[in-house]
Amino acid sequence: MIEVDNLVKKYGSHVAVDHLSFTVEKGEVIGFLGPNGAGKSTTMNIITGYIPATEGSVKVNGHDINENPKKVKRSIGYLPEIPPLYPDMKVKEYLKFVADIKKVEKAKQAKMMEDIMSLTGIKDMEQRLIKNLSKGYKQRVGLAGAIMGYPEVIILDEPTVGLDPVQIIEIRDLIKDLAKTHTVILSSHILSEVSAVCDKVMIINKGKLIVSDTPDNLVERMQNQRGIHLTIKGEREVVEKAFSEIEGIKDIKWEEEPEESEMHSLTIYTKETEDLRENIFYKLAKYQCPIMELSMMTMSLEDIFLEVTKEKIELTPEECSLEKEEE
Ligand SMILES: Nc1ncnc2c1ncn2[C@@H]1O[C@H](COP(=O)(O)OP(=O)(O)OP(=O)(O)O)[C@@H](O)[C@H]1O
């Protein structure tokens, strides 16, 4: 239903979005996850037709955003990071204004406004000035505006940013409700948020798609890349020599240490589900490098995010489901 193909956005020489391709099926809830400046808002702004892409295409239900912008925009409800609210309008007045802009038929407006105000929990606030609402309620009004006209696709840029924990739960529940009947794309830099509401997580870093999968699969897949954390005593060259003789080590991450230190803390990433603890023990014993500490690390979604956005773990094409989809 949404096809993003080779999207590029350049600001001068800075590449904010770097050949991004993905598809979102009808009814899916997709979470864009990435650190600040990853390119999430830029991508969303392009999909909604708010800004043009430098290269690439976006199609919604087969319609290209550049060739048929009106049709595409009508099928999308967008809540930007800062909702475009008019502070001096009352809530109901604002929603009427949005309904008019979105060309909702006059005869349908009253019921739609009532339904949307109930859904977003702002009925009691309908006569309040927007400027006097709390941040959480302002966010709900923004969301109500995005849903107005019942677009098929709802795009939410950091919908819970700046809200208190109670408001976050309320907005998340609202998103879950919307997800039952809509295709939703939301962005966040909070993992728990994405894993709580999304069918699929797309981790974006420096404008590139790093990995795309379900939250559960991501954790499972990364657990296959289990790490072994070690503290070893001995000369670094000797330790390195010992490791070079062990098969199945995928990567070694050395922690910073003072020069000529005798203690080395490091994490070994192993291939697949291999458990190399015994091999490591015997090999280091052979080279007389005592293991002072050894622990297995299982990765949470939080760790995965940190790892992939720091580009410490490189996923192979087979591991990246996007590549699989293209096959
Ligand atoms: N209008 C602009 N002019 C120049 N550079 C821009 C512009 N908009 C965004 N950028 C740059 O493009 C990159 C991506 O920005 P973007 O806002 O899409 O990231 P983001 O993932 O949404 O981050 P955040 O979570 O901080 O909003 C950043 O480096 C940003 O500084």
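Which residue stands opposite Ile2 in β2? Select Ile2 and look across to β2: the residue facing Ile2 there is Val24. Keep in mind as you click around that this is a predicted model.

Now widen the selection to residues 2-11, which make up strand β1, and residues 14-24, which make up strand β2. The two strands run antiparallel, and seven bridges join them. Then zoom in on the turn of this hairpin, where two residues sit between the strands. Click on Gly12: this glycine takes a positive phi near 65°.

Next stop, a pair of helices. Select residues 135-147 for α5 and residues 165-179 for α6. Their axes come within 10 Å and cross at roughly 15°. That angle is under the 35 degrees that counts as roughly parallel, so α5 and α6 are roughly parallel to each other. As for handedness, α5 passes α6 in a right-handed crossing.

Turn on side chains for the contact. From α5, show Gly136, Gln139, Arg140, Leu143 and Ile147; from α6, they meet Gln167, Glu170, Ile171, Leu174 and Leu178.

Finally, zoom out and colour by domain. Domain 1 covers 2-214 and domain 2 covers 226-298.

Technical notes. Residues numbered from 1 in each chain as written. Predicted model: local features only at pLDDT ≥ 70, side-chain atom pairs only at ≥ 80, totals over all residues. Heavy atoms only, no water. Axes fitted to C-alpha atoms, helices over the stretch in contact; angles between N-to-C directions. Helix = DSSP H or I, 4+ residues; strand = E, 2+ residues; numbered from the N terminus. Parallel < 35°, antiparallel > 145°, perpendicular 65-115°, else oblique. Left-handed = near helix turned anticlockwise from the far one by under 90°. Contact = heavy atoms within 4.5 Å. Pairing = 2+ DSSP bridges. Domains from an automatic or database assignment.
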